[in-house]
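Please read it with the structure open.

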Amino acid sequence: MEQSADTFAPIVAKNLNHWFGTGDARKQAIWDVNLSVAKGSLTVLMGPSGSGKTTLLTLMGCLREVQDGSVRLLGAELNGTTEPQAVALRRRLGFIFQAHNLHESLTATQNVLMGLEVHGRLNAVRQRESAHHVLRLLGLGDRLDYLPANLSGGQKQRVAVARALVSNPEVVFADEPTAALDKVSGRTVVEMLKKLGRQRGTTTVMVTHDNRILEMADRLVTMEDGHIVKDDKRG
Ligand SMILES: Nc1ncnc2c1ncn2[C@@H]1O[C@H](COP(=O)(O)OP(=O)(O)OP(=O)(O)O)[C@@H](O)[C@H]1O
C-alpha cells in the first residue's frame, strides 16, 4: 500500500469546518481547512485578529470538539473521539498559552485542562529534578522557589513554558507564547522549541504576531476569515 507523507505526519486536518453559535447567531469560523504538519517542524499560524487561528489551534490540539471534517493527531482521529481517548492524547501534548492569564476564547474547563494533565511516570524526586532542569534552561534557575506574585510577567510566562515542556510532549501547541517576553527570552523559548524539534522530533504549532519569531519558523501559514490563504514552507 502506498504511504504518503501524511501517514506519518503528527497532525493532519482535512476538510475541517467549525461554527460558533446557533440559529441566526450561527457563524462559521473555520472554512474547509486542509493542513498536514511535519514531525519536528515549527509551524507558525498568522493572520488578522478574528481570522480563526486560535480556533484552528484548539481544534488540532484536542481542546475543542471537531464538528465537521477530520483532524488526525498522533494517529488518532479527533472527530468522534471519546473523552477518555482525548485525555490520554492530551497527556502527549504540551500547551503554552498566555497561561498566567486565562485565555479568553476558551472556557474555564478548557483552560484548566491545560494545566491539569498529570504525568505519573516519574517519582517525585525525578519530577522535581526535571522541573528544575527546564526552569534553568529557561533562565529561571534563581527563581525556582518563587511564588508567581513575586515573578515578572515574562518570568511567569517562562514558568508556563516550562510547565508545558517538562513532560517531553510530542506536539506543542502555543498561542502567543512570546507576547509577554522581551527579545532575549522570546528567542530563548523559540530556540528551545526548535532544539526539541531537532533532537526529539517535537512538533510545534504556534500562533504569533511576533515578527521576531517568523524568521525562525519552518513554515508560515496565513489565515484570513477562517481560510488558509497562504502557506509558505521554508528550507
Ligand atoms: N467561543 C466563541 N463563541 C463565539 N464566537 C467565537 C468564539 N471563539 C471565537 N469566536 C469567533 O470565531 C472567529 C475566530 O476567532 P479566533 O479567536 O479563532 O481568531 P484569532 O485569529 O485567533 O483571533 P485573535 O488573533 O484576536 O486571537 C471570530 O469571529 C471570533 O469572534
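This is a predicted model: local features need pLDDT of at least 70, side-chain atom pairs count only at pLDDT 80 or more; totals for chains, interfaces and linings use all residues.

Ile11 has Val37 of S2 as its bridge partner. That pair belongs to an antiparallel pairing of strand S1 (residues 11–20) with S2, which runs over seven bridges.

**The open sheet**

- Four strands make up an open sheet, in the order S2-S1-S4-S5, with antiparallel pairing.
- Strand S2 (27–37) and strand S5 (76–77) are the edge strands, and each of them pairs on one side only.
- Lys14 stands opposite Ser70 of S4.
- S4 and S5 are joined by two bridges, again in the antiparallel sense. Leu73 has Ala76 of S5 as its bridge partner.
- In a regular strand, side chains alternate between the two faces of the sheet.

**The hairpins**

- S1 and S2 form a hairpin with six residues between the strands. Gly21 in this hairpin takes a positive phi near 80 degrees.
- S4 and S5 form a hairpin with two residues between them. Leu74 sits in that turn and has a positive phi of about 50 degrees.

**Helix H2**

- How many of the eight residues of H2 are buried? Eight of the eight are, so H2 is largely enclosed by the rest of the structure.
- The buried residues of H2 are Lys53, Thr54, Thr55, Leu56, Leu57, Thr58, Leu59 and Met60.
- Cys62 follows H2, and its place is in the loop between H2 and S4.
- The phi of Cys62 is positive, about 65 degrees, although Cys62 is not a glycine.
- Is Cys62 buried or exposed? Cys62 is buried, because 26 other C-beta atoms lie within 10 Å, and 20 or more is the cut-off for buried.

**The ligand shell**

- The shell around the ligand holds 12 residues. Phe20, Ala29, Ser49, Thr54 and Thr55 come nearest.
- Which element gives the most to this shell? Helix H2 (residues 53–60) does, with three residues.
- By class, the shell has two nonpolar residues, nine polar and one charged.
- Thr54 and Thr55 are among the residues that come nearest to the ligand, and both are buried residues of H2.

**The nonpolar core**

- The largest nonpolar core has 54 residues. Leu45, Met60 and Phe173 touch the most other members.
- H6 gives the most to this core, with six residues.
- What does Phe173 touch, leaving out residues up to four places away in sequence? Its contacts are Leu57, Met60, Gly61, Leu93, Phe95 and Val205.
- Leu57 and Met60 are two of these contacts of Phe173, and both are buried in H2.

- Asp32 lies in strand S2. Its phi is near 45 degrees, a positive value in a residue other than glycine.
- Asp32 counts as partly exposed, because it has 14 C-beta neighbours inside 10 Å.
- Where is Asp145? Asp145 lies in the loop between helix H5 (124–137) and helix H6 (153–165).
- Asp145 is exposed, because there are 6 other C-beta atoms within 10 Å, and the cut-off for exposed is 12 or fewer.
- Asp145 and His132 are 13 residues apart in sequence. In space they are 9.9 Å apart, C-alpha to C-alpha.

**The whole chain**

- The chain has 235 residues, and 35% of them count as buried.
- Its secondary structure comes to eight helices and 10 strands.
- Among contacts in the chain with a separation of 6 or more, residues 24 or more positions apart account for 68%.

Methods: Residues are numbered from 1 along each chain as its sequence is written. A residue is near a molecule or strand if its C-beta atom, placed from the backbone, lies within 6 Å of it. Ala, Val, Leu, Ile, Met, Phe, Trp, Tyr, Cys and Pro count as nonpolar, Asp, Glu, Lys and Arg as charged, and the others, Gly among them, as polar. Two strands pair if DSSP finds at least two bridges between them. A nonpolar core is a set of buried Ala, Val, Leu, Ile, Met, Phe, Trp, Tyr and Cys residues joined through C-beta atoms within 7 Å. Two residues are in contact if their C-beta atoms, placed from the backbone, lie within 7 Å.
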